[in-house]
Amino acid sequence: MSYTVKQLSELTGLTPRTLHYYDAIGLLRPARDGANDYRRYGPAEVERLRQILIYRELGLPLEEIRALLDAPEADRSGALRGHLDRLLDRRRQVEALIRMVRRTLVDLEGETAMTDREKFEDLKQRAIQENEAAYGQEVRQRWGAETADACNSRVAGMPREEWEQMQREERDYQEALRRAIAAGDPAGQDAREACRLHRDWLLHYWSREMFTPEAHIALVESYSQDERFAAYYEAVAPGCADFFARAIRCFYA
C-alpha cells in the first residue's frame, strides 16, 4: 500500500512539515499521484524512512544520512559498524560513570570512605563523560574516533599535578580573552597570551604529533561554527568565539 503525507505522518509521528523538508533536500522523495500531484509513499519510501529514523537515532546529520543511503550497501555496512564501535565505547564510558556514582553514594552514605586517589580518578572520569556528552559527536565527526579516544586516554592517565596545571591554564586563557576583548585588539598582548595559554592547555589533550598551527587555527575557528562551542565561549565574554578566531589567526601570522 501507499501513504499520503498525512497518513505517513500519523504512522511515524513525524510532522508533515518534516516530510516536506525531507523531500525538498532529496532525502526522501515520494512518488507523485498523476491525478492530483499529491505525494504518495510506497513500500520503498517507507523502508527508506525506517532507515533514516535509525540513522537519526545514531545522531547522524541529515546530509550524512542521505550520502549513506545513496551509497553502495558495503559502504553503509562499514559506516554502521563504525557507529556500533562508537556506541560500544560510549556504553563502556557510561558503565564507568555508573561505577563512579555508586562509589560516591557509598562514600556519602558512610559505608566506606573513598581514598583521595579514587576521588581524583572519579573526577577525571566525570570530566571525560561530560565532555563526550557535550562535544564527543562533533569531535569524532570532525577529527575521527581515534583522535577522540586518544584524547580521552590522555586525560584518564593524567597525574594530579598535570590536571591541576591544566585547570589553571584554562582559567588563565579565558581571563586573558576577557582582557583582550575589552581592549578590542585581536593582535594585542592579551590576545597573544590567551592563544599561547590555550595552546598549552590544548597540549594536555593533544599529543605533540597531533598538534600543528593549522590544526590549532582550525579548532579555534570551529568554536564559532558550532552552537555548543559558541555558547561555551559566549559565557566567557560576548562575541568571544568570533574574536578568538581572529586572534588565533593573528597569533600565527
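Student: In helix H9, what separates Glu 193 and Arg 196, which lie three residues apart?

Tutor: The model is predicted, so local features need pLDDT of at least 70 and side-chain atom pairs pLDDT 80 or more, while totals for chains, interfaces and linings use all residues. Residues are numbered from 1 along each chain as its sequence is written, and side-chain values use heavy atoms, without hydrogens and water. Because Glu 193 and Arg 196 are three residues apart in H9 (helices, H or I, of at least four residues and strands, E, of at least two are DSSP runs numbered from the N terminus), their separation is about one helical turn.

Student: How far apart are the closest N and O atoms of Glu 193 and Arg 196?

Tutor: Glu 193 and Arg 196 belong to a network of salt bridges that also links Arg 199 and Asp 200 (a side-chain nitrogen of Lys or Arg within 4 Å of a carboxyl oxygen of Asp or Glu). In the bridge between Glu 193 and Arg 196, the closest N and O atoms are apart by 2.8 Å.

Student: Does Asp 23, which forms a salt bridge with Arg 39, count as buried or exposed?

Tutor: The closest N and O atoms of Asp 23 and Arg 39 are 2.8 Å apart. Asp 23 lies in helix H2 and Arg 39 in strand E2, so the pair ties together parts 16 residues apart in sequence. Arg 39, at 22% relative accessibility, counts as partly exposed (between buried, under 20% relative accessible area, and exposed, over 50%, with a 1.4 Å probe and protein chains only). Asp 23, at 5% relative accessibility, counts as buried.
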